[in-house]
Protein chains: 4
Amino acid sequence: MAVEILYIRGDFMIKVGILGAGGYAGAELVRLLLQRDDTQIVFLDSKDSEGISYTDLYPHLNGKIDNLMTSMDISNNEYFQMIDILFCALPHGLTQQAVKSAFEKDLKIIDLSADFRLSDSSVYEKWYDTEHIAKEELKNAVYGLPEINRETIKKSRLIANPGCYPTSIILALYPLLNEGYNPKNIIISDSKSGVSGAGRGLRDGNIYCQAAENINPYAVGSHRHKPEIEEQLTKIARSEVKIMFTPHLVPMQRGILSTIYVKNEYGVSQNKLEKIYLDYYKSEPFIRILTGGLLPKTKSVSGSNYCDISLKVDEDTNHIIIMSAIDNLIKGASGQAVQNMNIIMDIDETKGLLQEAIWP
Amino acid sequence: MAVEILYIRGDFMIKVGILGAGGYAGAELVRLLLQRDDTQIVFLDSKDSEGISYTDLYPHLNGKIDNLMTSMDISNNEYFQMIDILFCALPHGLTQQAVKSAFEKDLKIIDLSADFRLSDSSVYEKWYDTEHIAKEELKNAVYGLPEINRETIKKSRLIANPGCYPTSIILALYPLLNEGYNPKNIIISDSKSGVSGAGRGLRDGNIYCQAAENINPYAVGSHRHKPEIEEQLTKIARSEVKIMFTPHLVPMQRGILSTIYVKNEYGVSQNKLEKIYLDYYKSEPFIRILTGGLLPKTKSVSGSNYCDISLKVDEDTNHIIIMSAIDNLIKGASGQAVQNMNIIMDIDETKGLLQEAIWP
Amino acid sequence: MAVEILYIRGDFMIKVGILGAGGYAGAELVRLLLQRDDTQIVFLDSKDSEGISYTDLYPHLNGKIDNLMTSMDISNNEYFQMIDILFCALPHGLTQQAVKSAFEKDLKIIDLSADFRLSDSSVYEKWYDTEHIAKEELKNAVYGLPEINRETIKKSRLIANPGCYPTSIILALYPLLNEGYNPKNIIISDSKSGVSGAGRGLRDGNIYCQAAENINPYAVGSHRHKPEIEEQLTKIARSEVKIMFTPHLVPMQRGILSTIYVKNEYGVSQNKLEKIYLDYYKSEPFIRILTGGLLPKTKSVSGSNYCDISLKVDEDTNHIIIMSAIDNLIKGASGQAVQNMNIIMDIDETKGLLQEAIWP
Amino acid sequence: MAVEILYIRGDFMIKVGILGAGGYAGAELVRLLLQRDDTQIVFLDSKDSEGISYTDLYPHLNGKIDNLMTSMDISNNEYFQMIDILFCALPHGLTQQAVKSAFEKDLKIIDLSADFRLSDSSVYEKWYDTEHIAKEELKNAVYGLPEINRETIKKSRLIANPGCYPTSIILALYPLLNEGYNPKNIIISDSKSGVSGAGRGLRDGNIYCQAAENINPYAVGSHRHKPEIEEQLTKIARSEVKIMFTPHLVPMQRGILSTIYVKNEYGVSQNKLEKIYLDYYKSEPFIRILTGGLLPKTKSVSGSNYCDISLKVDEDTNHIIIMSAIDNLIKGASGQAVQNMNIIMDIDETKGLLQEAIWP
C-alpha cells in the first residue's frame, strides 16, 4: 500500500518519521512525541502491522493518532526528504539498510538498534553474527548518551541510541571511572529488567504465564550488550575495563535495576564517592543521586526519563556497590531518543520529557 | 510542628492546599499539580506522616517537592485564607470538620471523600453509620461529575468529587437513562477494581501476597457506593433506579472496569445506541466511545483521565451490555478533582490532564 | 521420529497416553499423574514440540519425566492399544480424528476439547464453524461433570471433559435449577479468568505486557462456551435456560471467578438457599459451600481441585448472586479429567487430587 | 482463652504443635502437615489471631483445619508434653523464651527463627541488637541444613532451621568450598526474593501497590542473614569466607534466586565444576543440578522443596557464576522444617515433600 502521510502542516518545527513503529519502543516514541506542540509525525512504518490503524495496536492513543501503519520500501528514500529526523526502531541488519538509504538525504537519524553502537564493525560482526553493511555510516555515528557525549551529539547526523542495560550501567559508573578510579579487577553488573525489554514479539519467554511469578537469569556472560558496555567504559576509564554482566528477567512491565560491584581498590569513602557523583551530575536534569541511605527502586522512575543512582561503600568487604534504576522504555530507549532529538535540534533538552513517574 | 508553607511566590494564578496528602489520591493530586505552571501547592497535610518529607513517602517525586508534611489543626482555619482551592482527601467524618472550618473562608473546596456526595444526610448516616455534622454545607455541595453537572460546578464553592466506581458506572449509563430508556428492571453493575482503590492503608487485603494471583468479590450488595450511584442515576432518569452493584478486587494497581447489564426493554438497536452515546459525548474531551466491536481495557486508560465506553446490544438475551474503563486514581479521583478545579477556576478544563495513558 | 514409549512396566494399574501434551492442560495432567503410584504415562504427543524433552518445556518436572515428546500419527491407532486411557488435549477438529481412531480400540477416552461437549452436532458446527466428522462417536459421549453425571460417566467410554467457564457456572447453578427454581428471566454470568485459560500459544493477548495491569472483557455474548453452558443448564432445569455470558481476562495465572445474577422470582431466602446447596453438595469431595458471609477467592482454590461457592440473596434488588471459584487448569480442566479417570476406572474418585491450594 | 487442642487420636505417629501459626511459614507448615497421614497437629498458637478460625485466616484450607488459634502462655510448658515436635515460627526474642520453656520437656524443637542459627551469641547480640537469653540451649542447637548436617540433625533435639537466603546461597556454594576452592577474594551474592519473604505483616513494603511493578535492593551489606551465611561458609571452607550479600525485593509471591560471583582463582573448568556438583548432590532428593546451559528459574521450584542450581565458568572475566533457585516458603522455610522433622523422627526424609512445583 502507499505510504500514509500524516497531517502535514507548515507550522511545525520538527518533522519526524518512525521506522519500526509497531514495537513498544516505537509506541513510547509516538506517545512522547504526541505530547509536544512542536513535532509532527510524518509516517509510521511497520512491517508486521501494515494497513492496521495505530490505535488498533495501541488503543491508549485512541483519538490521537488513528492513522494506518505502512510498510515502507526503505531502499526508496524519497520519503526521507520530507522529514528532519528519522527514528529507526528496526531489528538489527535491516537497520543498516535503512540508515544507508536515509543518510544520503539531508536529515538526522536517531537509531534505537544496536547497529551503530559499536565503533569497531568487526566486534559487531562477531557478537551479532552478521556482516556490517554500513561501515561508512558507522564512522559518522555518535554514541547517544547525552550525559557523556552531549557536545558530540550536537554536531552529529547519526546517533546510536544506547541500549537499555548499557544506559543503566554506564551512567552508574561514569563518574567513578572518569575520575580515575578504574579498578584492576573486573566489574560485576547484576542487572534486572522488566519484560517489556524483550519487546512485544510472540516468543515463549514473553508469555504472561511464563514470565509471571518468576525471576531468571539469561544469557549469562554472553549478552550482546556486554561489548557495548565494555567499549564505553573503556573509553571513559581510558584503560581497558572488563565487565561480568548478568541480565535477569523480572515479572514487571518496565524498569531496569543494575546492582554493580566494584572492588574499592583506592579506598574511596562514602562521603567522597557521593560528592563525586553529586558534582558530576549536578547540572543533569535526568540524573538523581540518592543519598542518606536511600536506595533506587524501578517504581520511582517508571514512566519518566530519570535515572536514579545510589552508592554504598561497604567496608567489611572493601567493595563499592552502585545501584541504578531507569525505565527501560524511556531513559533506556525512547525518552533518551527524544532527548537526543532535542539536543541535535538545539532546543531545550528536557522538552517533552518532564513527566513524573507514575506511582503506584 | 508548625505548618510548613511551601515556596510561596506571587506569580501563580492558583494557590492550593491539600488535606490528607499522604494517600494515593493525594499523591496523584500532587503529581498532576506539579506538572502545571499555574498552580502552587501551599501546604501538604498528613496525620500519619507529619514531619516526613513528601519524597520519602513518594520517591518518584524526588527533587520536585521535598517539603515536609504537617498535621494541620483543621479547626484553626487561618491557613485556609492563604489558598484559593482546598483539596480534601481525608477519611469520612474528619472531612466534615475540615469542610465546615474551611467553608467560612473565601476559598473553594474540592472534597474527594464521600461526605458530600449524598444529598440526603439521613441516607449518609445510614450507610456510613455516623452522624453528619455539616448539614448546612451539604446543601451547598455539587456532585462533581463534569460531564453531567458542568454548569452547576462552575458556580459552586463545594464540589463533592465522585467515587471511583460511581464515575465508571454513571458515565456509562448517563446517555441511556437521560434519553429516557430507563428500564423497569434493576440494573446490574459487575465492577472490578485494581488494588490502589483500597488505598495505601496497612490492611490485610492490601498485602501483596493476599492480592496477587487472586480475584474476589467483596461487599456484595452492601458497598457504600451503591446509594451514591442510585441517587445520581435516579436524578438522570427522573425516576427511581435500583442497582445491583458487585465490586471485585483485581490483582493490578490501577483501573476500574464496570460491566453493566440492562434489560433492553425498549428494543434499542446497536446502531441507535452507539449514535446516542457518540452524540451525547461528542464534545467531551475525556470520554471515548469505542465502536466497531472494540471493547474497553483498563490498560488503555491507565495513567490518563479518559473514560472508555463500549456498548453491546445482545439480541439473544435481549440485554444491553455497557462496559466502561477508567483509571480509578485519575478520572476516578484526582484527575477528576483537577478537572473540577479547572472548571471552577474558569480555565481550560483539560489543562494538565492531557497526558496519554502508559502502555505497557 | 518414532514414538517414544515411556518406561513400560507391568506393575501399574493404569496406562495412559496424552495427545497434545505440550499445552498447560497437558502439563497439569502430567504433573497430577506423576504424583500417583498407580498410573503410567505411556506416550506424550505434541505437534509443536516433537523431539523436545518434556522438561525442556516444563523444567519444574526436571528429573521426573525427561522423555521426548513425539508427534503421533493419529490415524495409526496401534499405540492406542497399549493404553487404558487416552487423554486428548488437542485443538478442536483434530480431536475428532483422534477420537475416531482411538474409539476403535479397547480403551477409554477423556477429551479435554470442546468437540464432544455439545450433543447436537449442528449446534457445534454453527459455533465452531467447522463440520463435525465424528457424529457416531458423539452419540456415545458423556458430559464429564462428576457432580452431576457420575453414574453415566462410570459406564462411558468417551468423556467430554467440561470447559473451564462452564464448570464454574454449572456447578454454581445446579442445585438452584435442579430444585426447580428456574427463572423465566435470563441468567447473567460475569466470569473472570486468569491468563492460562488462553493457553501457552504465541498470541498477542498472551504477552505479559499486554495482559499485566489490565482487565478486559472479550467475546461478549459470543464466546463458544455459551451453547455448552445453556445445553447443560437446560437439561438440569428441564426447561430452556438462556444465559448472558461475559468472560473477562484478569492479570493472574490461574483461576476463574464467576459472579452469577439470577432474578429471585420464587422469593427464596438466604437460609433456604444455603440449605439447598449444603444438602446437594454434602457428599461432594471437591465442592465447598461458603456460608456466614464468606465469599470465594480464586486464591483459595488455586492449585487444587476445589470449587468454592457462595450465595447471596439481595433483598433490595430481589436477586440471587451466586459466586464460584475454581482453578481453571485443575477443576476446570486436568484435575477434572483425572477425577473422571478415577470414576471410569472405578477407583477412589479423589485419588491424586487432594493436594491443597497454594497460599500465597 | 483456653488452648484449643485439635482432634487428638491415638493412631498418629507424630504429634506436633506450632507456635506462631498465623504467618506464611506457619501456614505452609500446616498445609504440608495436613497432606500426611502420620502427623497430628495438636495446637495452633498465634498472638495476633487468637480466637480466630484457622481457615478464616487461610481459606484455602477450608474444611481441613477449621480450629481456632490460641495465644499460648509459653512460660507454661504443660502443653509441650503432649507433642513430639514443636515447630516454632515466632519472632526472634520471643523464640528464645519458648525454646527455653519447651527444652525442659521431652520433645524435639524445630525453630524457624534466627535465634539459634548463629553459634556465637555475641554475634547474634550484635546483629539482632538484643540480648540472647537462651545461651545454654544454643549450645545444643544444630544448623538444620540436611544436605550438610544430616547426621548431626539426626541426633539433635534443637534444630535451627536455616534462613531462606542462606539456604539458597549455602547450597550453591557447598561443593565448591568443601572441595577446597575457597577464593581469597570475597564472594558476592546478589539475591532476589518474592514478597512472601517479608511475611504477612502490615508494613508499607508489603502493600501490593508498593511492591508490584517494582524491584529494589534493601539492607545492602547489612542484612541479618549475612553473619549466618558467613558462619556456615567459613565452616564448610575451613577458612574465613566473607560475603557481599545484596538482597532485592521482586514483584512475585514466592521464590529466591541467588546469583553468586566467585573469582575463579583455581582455574576450574566448566566440566570439572559440574562434575563436582553432580557428584556431591547425586543422592540428594531435593537438589537438581542443571547442565547443558540450562539456568534456574524460581518458577521451576515454586510450590516444591527443590533447589535448582546451575554453574557457569566465564573465561572472559575469570569468574564462576553459581545460580540457585528455591521456594523461600518451602525449601527456604517450612519444607525444610518438615525435612528436618523427617530426619529426627528417622522416617523417609522425602515424606510429604514430593509434590512437584506448580507451573504456571
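Chain C and chain B share 28 residue pairs in polar contact, both residues at pLDDT 80 or more. A polar contact is a pair of N or O atoms within 3.5 Å; within protein, one must be able to donate a hydrogen and the other to accept it, and residues adjacent in sequence count only if both atoms are side-chain atoms. Several elements of chain C each supply at least two residues to the side that touches chain B, including β7 (187-193), α9 (225-237) and β13 (319-326). Helices (H or I, at least four residues) and strands (E, at least two) are DSSP runs, numbered from the N terminus.

This is a predicted model: local features need pLDDT of at least 70, side-chain atom pairs count only at pLDDT 80 or more, and totals for chains, interfaces and linings use all residues. Residues are numbered from 1 along each chain as its sequence is written, chains are lettered from A and ligands numbered from 1 in the order in which they are written, and side-chain values use heavy atoms, with hydrogens and water left out.

Six salt bridges cross the interface of chain C and chain B. Each is a side-chain nitrogen of Lys or Arg within 4 Å of a carboxyl oxygen of Asp or Glu. B:Lys242 forms a salt bridge with C:Asp316, with the closest N and O atoms 2.6 Å apart.

Now turn to chain D. Strand β3 (residues 85-88) pairs in the parallel sense with β4 (residues 108-111) over four bridges. Strands pair if DSSP finds at least two bridges between them. D:Phe87 has D:Ile110 as its bridge partner in β4(D). Strand β1 (residues 14-19) of chain D also pairs with β3(D) in the parallel sense, over four bridges. There, D:Leu86 is the bridge partner of D:Gly17.
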